Amino acid sequence: MKNNVHRERGLGNDGAFIAAFLGLGTLFWLFVAGRAQDGMMAFHAYIFIFAFITGLFSLLFYATGEKPENETGYVTSVVKAGVFASVFWGIAGFLVGVIIAFQLAFPDLLYFENAPWTSFGRLRPLHTSAVIFAFGGNVLIATSFYVVQRTCKARLAGGLAPWFVFWGYNLFIVIAATGYLIGVTQSKEYAEPEWYADLWLTIVWVVYLFVFLGTIWRRKEPHIYVANWFYLSFIVTIAMLHVVNNLAIPVSLAGSKSYSAFAGVQDALTQWWYAHNAVGFFLTTGFLAIMYYFIPKKAERPIYSYRLSIVHFWSLIFIYIWAGPHHLHYTALPEWAQTLGMTFSIMLWMPSWGGMINGLMTLSGAWDKLRTDPVLRMMVVSVAFYGMSTFEGPLMSVRKVNALSHYTDWTIGHVHSGALGWVGYISFGALYCLVPWLWKRKDLYSRGLVEWHFWISTVGILLYIASMWVSGIMQGLMWRAYNEFGFLQHSFVETVAAMHPYYIIRATGGSLFLIGALIMAYNLWRTARGDVYTPKTKTIDTASAVPAE
């Protein structure tokens, strides 16, 4: 006889711990809100209170809900949420990027004196954090939760902890983004959020590490696939970088302002050790993990050389961590430290291209799929952009080249060739793979829309990086040009005026990239709904189709 007794799910140890933590957190932020020394701190305190109380009610509904028949399969709900958040934050970040690109091209058109939150100085960190940490971070968390389960043949560890990671991380994004707009910043590149946001992210990140390690610990597959090594290095190293670079002393427990534990050249070295390795371990190793799983899976081919992937991993993580000082050429940093950063940057070329070759050669015997599978083509092009960026980076780290490139738009072009071409395309490819797999659809709603996305955004990337290359090299040459009397030949204003056409081209290229992302969002939405694209066919008049006598 079937048992129809209602079975409540209950919280479990993980849920009870999270509930206790959220309860104590609510009390703490109520105290801060009551004692806040500035309006910005009070605003963020109320956001935390709202988020924590919402979390407590969600746990209550979860605990009293009916327990499903089977909770032993892979966890997919949190990955689905990660896909949705990735698309949302991606479009938001790309949109802000287009806005600030047009602000640089037409400063009078988009200047609002009575709305300081619309200024370039506040929107620019909003753009960088949205595309790197909001879009890229959600892609990495979602794909890592998906990949580690399937490569370990084990359910995601931690019970409700993965949901704590997802919501906690996105709460950090909201705190950081609103902080930029209202003027809360510690003025560190890629590390602008203040001390309380940094502490919250540290807690979330430690839980993320435990969830990932716990899943590997309970694996049924004895071998740890190389993608998990790349994910693990990304999680561990980012934790170390984040904690050290954000060491600070708050002025007050109820105030938003803090002072860094470092000063002078030590602060500069710590900051660029962090910033360059954020590129190395957030935007490189994490997305290489995506490459090592999704390209072989999509191509239905094994990775070209597993031995090369292991060499790639260990050489990359040992060399990358030393390359940061190349950002400080011709500064007060000792010359030996500058040379050390330059030397390791040049050495970095070899493992980077080893990984690129491994990704591209995985398609050996399956190159014909590039004609029929635009998703695979997008991921392969991303690997090509990775190879190009990892050649250009070591080149720009050479002191003589850096003398021309530093502080110019050439650096902007280099960064965006990697960000849009490598990170953007490999992320889009992973999202195009995940949605049909997670929602159990036979295929995407429309492969034709993927084609449109690919070509529109590729043209956009090329316009962007080519305009910035030309603008940056021209800018550097104009800055170092002297007349026969030994004076500077061009004023700074003249260089700005000369770059104006290239800024228009840059904004146009960014707009095309945004249009491609919107096409992707529509395609993924229709795929998740289960819609099937039926192309319209033209009716043929059979009578007129009869050949003449």
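Predicted model: local features only at pLDDT ≥ 70, side-chain atom pairs only at ≥ 80, totals over all residues.
View 1. Residues are numbered from 1 along each chain as its sequence is written, and side-chain values use heavy atoms, with hydrogens and water left out. A cavity is a set of points, on a 1 Å grid over the protein atoms alone, where a 1.4 Å probe fits but cannot get out, and lining residues have an atom within 4 Å of a point; grid points are joined across faces, edges and corners, and a volume is the space filled by probe spheres set on the points. The lining of the largest cavity consists of H44, I175, A176, G179, Y180, V184, P193, E194, Y196 and A197. Two or more of these residues come from each of α5 and α6, and α5 supplies the largest share, four residues (helices are DSSP runs of H or I with at least four residues, numbered from the N terminus). By class, seven lining residues are nonpolar, two polar and one charged (Ala, Val, Leu, Ile, Met, Phe, Trp, Tyr, Cys and Pro count as nonpolar, Asp, Glu, Lys and Arg as charged, and the others, Gly among them, as polar).

**View 2. The second largest cavity holds about 30 Å³ of space.** I132, F133, Y190, A278, V279 and L283 form its lining, to which α4 (120-152) and α8 (264-299) each give two or more residues. The lining has six nonpolar residues, with no polar and no charged ones.

**View 3. Y190 and Y407 each have a positive phi although neither is a glycine.** Y190, with a phi of about 65°, sits in the loop between α5 and α6 (195-217) and counts as buried because its relative accessibility is 16%. Y407, with a phi of about 70°, is found in the loop between α14 (399-405) and α15 (409-438) and counts as exposed at 61% relative accessibility (buried means under 20% relative accessible area and exposed over 50%, with a 1.4 Å probe and protein chains only).

**View 4. The second largest pocket has a volume of about 720 Å³.** Of its 26 lining residues, A51, T54, G55, W167 and G168 are the closest to its centre (a pocket is an open set of points with protein on both sides within 12 Å along at least five of seven lines). The lining contains 21 nonpolar, five polar and no charged residues, and α2 contributes the most, with nine.
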